[in-house]
Amino acid sequence: PRPVSPRPREPAADRDVAFVLPEGLAAAEVAALIREAAGPLLERSWVFDEYRGAPLEAGRRSVAWRMVFRAPDRTLREAEVDAAVDRVVRHVEQGCGARRREA
């Protein structure tokens with residue numbers, strides 16, 4: 001049997017962000033950029049949606065990630081999480097030519 005991890009004591013903060021990506025760009029490449037930029041407060045991230053079609057231009061797709069942030073010793077402030085998400089967006093946009101998809 002696998003050992004059971006204790007439940008975290010501090011609450012997590014979730015954020016969703018979607019990027020418009022070139023068709024040939026692997027989501028794994030973007031996930032690596034997210035991990036690089038998010039910093040140590042990123043607990044995990046995963047793709048939860050992929051979309052092709054109007055209004056996106058041909059050869060592009062929208063891929064959305066959920067990011068979960070948590071500090072082991074305290075409750076995160078909104079500003080800390082927002083700053084991490086801003087770093088992620090800038091890093092992904094600069095690193096692979098993606099752009100954030102606004103709702």
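Modeller: A residue is called buried under 20% relative accessible area, exposed over 50% and partly exposed in between, with a 1.4 Å probe and protein chains only. The model is predicted, so local features need pLDDT of at least 70 and side-chain atom pairs pLDDT 80 or more, while totals for chains, interfaces and linings use all residues. Residues are numbered from 1 along each chain as its sequence is written, and side-chain values use heavy atoms, without hydrogens and water.

Colleague: Why does Arg60 count as buried?

Modeller: Its relative accessibility is 18%, and the limit is under 20%, so Arg60 is buried.

Colleague: Which residues does Arg60 touch, and where does Arg60 lie?

Modeller: Arg60 is part of strand S3. Leaving aside residues up to four places away in sequence, it touches Val20, Leu21, Pro22, Glu23, Arg52, Gly97 and Arg99; contact here means heavy atoms within 4.5 Å.

Colleague: What makes a stretch a strand or a helix?

Modeller: Both are DSSP runs numbered from the N terminus, with at least four residues of H or I for a helix and at least two of E for a strand. By that count the chain has 2 helices and 4 strands, in the order β-α-β-β-α-β along the sequence.

Colleague: Why is Arg61 called buried?

Modeller: A relative accessible area of 5% is under the 20% limit, so Arg61 is buried. Arg61 also has its place in strand S3.

Colleague: How do you know that the side chains of Arg61 and Glu50 are joined by a polar contact?

Modeller: The distance is 2.8 Å. A polar contact is a pair of N or O atoms within 3.5 Å; within protein, one must be able to donate a hydrogen and the other to accept it, and neighbours in sequence count only if both atoms are side-chain atoms. The value of 2.8 Å is within that limit, so the pair qualifies. The side chain of Arg61 also reaches the backbone oxygen of Leu25, at 2.6 Å.

Colleague: Why is Arg70 called buried, and where does Arg70 lie?

Modeller: Its relative accessible area is 18%, under the limit, so Arg70 is buried. Arg70 lies in the loop between strand S3 (60–69) and helix H2 (78–96). A polar contact of 2.5 Å joins its side chain to that of Glu43. Glu43 is also one of the residues that Arg70 touches beyond four places in sequence, and others among them are Pro8, Leu41 and Leu76.

Colleague: What about Glu57: why is it called partly exposed?

Modeller: Its relative accessible area of 38% lies between 20% and 50%, so Glu57 is partly exposed. Glu57 is in the loop between S2 and S3, and its C-alpha atom is separated by 9.8 Å from that of Pro22, 35 residues apart along the chain.

Colleague: What makes the peptide bond from Ala54 to Pro55 cis?

Modeller: Its omega is near 10°. Most peptide bonds are trans. Pro55 has its place in the loop between strand S2 (42–51) and S3.

Colleague: How many aromatic pairs does a search of the whole structure find?

Modeller: The search finds 1. Phe19 and Trp65 form that pair, which is edge-to-face, with 6.1 Å centre to centre and 65° between the planes. Rings of Phe, Tyr and Trp (its six-membered ring) pair if their centres lie within 6.5 Å; planes under 30 degrees apart are stacked, over 60 edge-to-face and the rest tilted. The two values meet both limits, so the name applies.

Colleague: Which parts does the pair tie together?

Modeller: Phe19 lies in strand S1 (residues 13–22) and Trp65 in strand S3, so the pair ties together parts 46 residues apart in sequence. Phe19 and Trp65 are both buried.
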